[in-house]
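Thanks for coming. I will keep this short, and I will start as soon as the structure is on the screen.

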Amino acid sequence: MEHANEQAGPAGPGDGEAFAARRRAAFRGAGRTLRDGHGATLRDRLGRLAADAAAVHDLDEPVDRYGNGVVAALERRVADLLGFPAAAFFPTGTMAQQVALRCWAERTGNPVVALHPLAHPEMHEEGALGAVSGLRTAHPTREPRLPTADEVRDLGEPFGTLMLELPLREAGFVLPTWDELTAVVAAARERDAVVHFDGARLWEATTRMGRPLAEVAGLADSVYVSFYKSLGGLSGAALAGPDDLIAEAVSWRHRYGGNLYEQFPAALSALAGLADVLPRLPLHVAHARVVAAAVAEAFAAAPGFPFFRVHPDPPHTQEFQVWLPFAPEVLAEAAVAQAEETGAVLFTQSWQAGAVPGLACTEVSLGEPALAWSADEVREAAAEFARRAVALAAGA
């Protein structure tokens with residue numbers, strides 16, 4: 001299923017509808033990509049759901065109403081996987097996480113949430129923690145990584161909750177090691193704070209951590225997970241935690257307008273992702289290292305390529321960043337033209353201008369199709385992309 005791209009910014013030359021349509025058609029028609037679902041239609045998504053659903057739930061069961069039936073089954077499954085007593089389904093992760101943080105603030109009596117300035121609530125929620133819940137944020141570090149234990153201990157004001165985004169997407173899908181994570185959690189406990197994991201992509205963190213999912217999640221007091229980012233679901237998220245916290249979160253979900261009448265499409269697709277995609281994520285993570293190394297080798301050998309960066313090196317998950325010294329429009333055109341003319345494409349996400357003028361960044365995300373790419377094939381495709389980018393930049 002299609003991977004959601006949360007990046008904002010131009011799709012390519014002129015940011016026009018014509019280029020956007022061309023881009024969708026090129027990526028949909030490409031025979032070789034690293035992840036499927038690009039340019040998927042409504043018919044595609046409905047067909048995929050119909051094909052997957054019968055294997056994960058009894059389709060003769062009555063349709064869910066306000067969170068019972070298949071939705072309740074999904075909640076039980078998530079609670080078991082993460083090792084918590086209870087879980088609640090939410091239509092969006094933004095809602096789930098805001099509810100969790102406001103509930104913890106009420107319990108701790110402290111409205112301050114310590115989190116990274118690149119974390120999702122700071123980058124993508126338009127100040128909702130303050131505007132909706134009256135919470136305030138504090139930043140243990142501004143470095144493009146998760147905070148250290150010393151930085152948590154030394155934060156200059158009391159905080160009620162430490163929120164850790166695992167992996168930290170905007171910094172390059174970076175993760176701490178297991179020892180670093182346990183030390184950070186211990187430091188928060190020393191400050192009498194609770195710990196909440198933004199685990200939208202926690203599913204793939206186990207490889208770097210070297211621990212099972214429930215053990216990683218069990219370090220926190222509560223965890224939010226997404227069903228569409230890594231698992232390929234249609235939408236939706238879950239909040240897992242103690243029984244009393246989840247009971248309160250369910251009340252807040254209703255107050256926020258998140259208790260939808262029927263949610264079976266999202267719930268069924270989430271169950272399918274847990275059954276089919278989750279067990280294979282370690283393979284995707286391992287292959288990301290092969291792909292990243294091959295891309296770096298091709299760019300290092302490419303004529304006219306003054307600079308590149310694959311980050312992190314090696315990747316911590318099945319997703320990583322690529323930084324190049326070209327305009328986003330040039331790189332977008334190179335990717336689309338390569339897909340149209342060769343049927344192969346590595347870079348299907350948007351290219352964004354970096355903080356430093358002249359640099360652009362994209363995210364590379366691997367799914368099941370990536371496993372069919374050998375290192376040599378990745379190098380060949382990356383070299384072709386580099387050739388096109390250099391030629392387009394010279395002709396601009």
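Predicted model: local features only at pLDDT ≥ 70, side-chain atom pairs only at ≥ 80, totals over all residues.

Strand E10, residues 352-353, pairs with E11 in the antiparallel sense, over 2 bridges. The hairpin of E10 and E11 has 6 residues between the strands, and in it Gly-358 takes a positive phi near 95°.

Now E11 itself. How many of the residues of strand E11 are buried? The count is 6 of the 6, over residues 360-365, so E11 is largely enclosed by the rest of the structure. In a regular strand, side chains alternate between the two faces of the sheet. Here both faces of E11 are covered: Ala-360, Thr-362 and Val-364 are buried on one side, and Cys-361, Glu-363 and Ser-365 are buried on the other.

E11 also pairs with E9. Those two run antiparallel and are joined by 6 bridges. Glu-319 stands opposite Ser-365 of E11.

Is Gln-318 buried or exposed? Gln-318 has a relative accessible area of 0%, so it counts as buried. Leaving out residues up to four places away in sequence, Gln-318 touches Arg-35, Glu-204, Ser-230, Leu-281, His-284, Val-285, Ala-288, Val-364, Ser-365 and Leu-366.

On to the helices. H4 covers residues 93-108, which is 16 residues. From first C-alpha to last, H4 reaches 22 Å, close to the 22 Å expected at 1.5 Å a residue. H4 is mostly covered, with 12 of its 16 residues buried. Among the buried ones are Gln-97, Gln-98, Arg-102 and Trp-104. Just after H4 comes Gly-109, with a positive phi of about 75°.

Last, a helix pair. Two packed helices are described by the angle between their axes and the distance between the axes. For H3 (residues 70-82) and H12 (residues 264-277), the angle is about 35° and the axes are 9 Å apart. H3 passes H12 in a left-handed crossing. On the H3 side, the contact is made by Val-70, Val-71, Leu-74, Arg-77, Val-78 and Leu-81. From H12 it takes in Phe-264, Ala-267, Leu-268, Ala-270, Leu-271 and Leu-274. Sorted by class, this contact of H3 with H12 has 11 nonpolar residues, no polar ones and 1 charged.

That is what I have for today.

Note on methods:
Residues numbered from 1 in each chain as written. Heavy atoms only, no water. Buried < 20%, exposed > 50% of the residue type's maximum accessible area, 1.4 Å probe, protein only. Contact = heavy atoms within 4.5 Å. Axes fitted to C-alpha atoms, helices over the stretch in contact; angles between N-to-C directions. Helix = DSSP H or I, 4+ residues; strand = E, 2+ residues; numbered from the N terminus. Left-handed = near helix turned anticlockwise from the far one by under 90°. Nonpolar A, V, L, I, M, F, W, Y, C, P; charged D, E, K, R; others polar. Pairing = 2+ DSSP bridges. Expected span 1.5 Å × (residues − 1).
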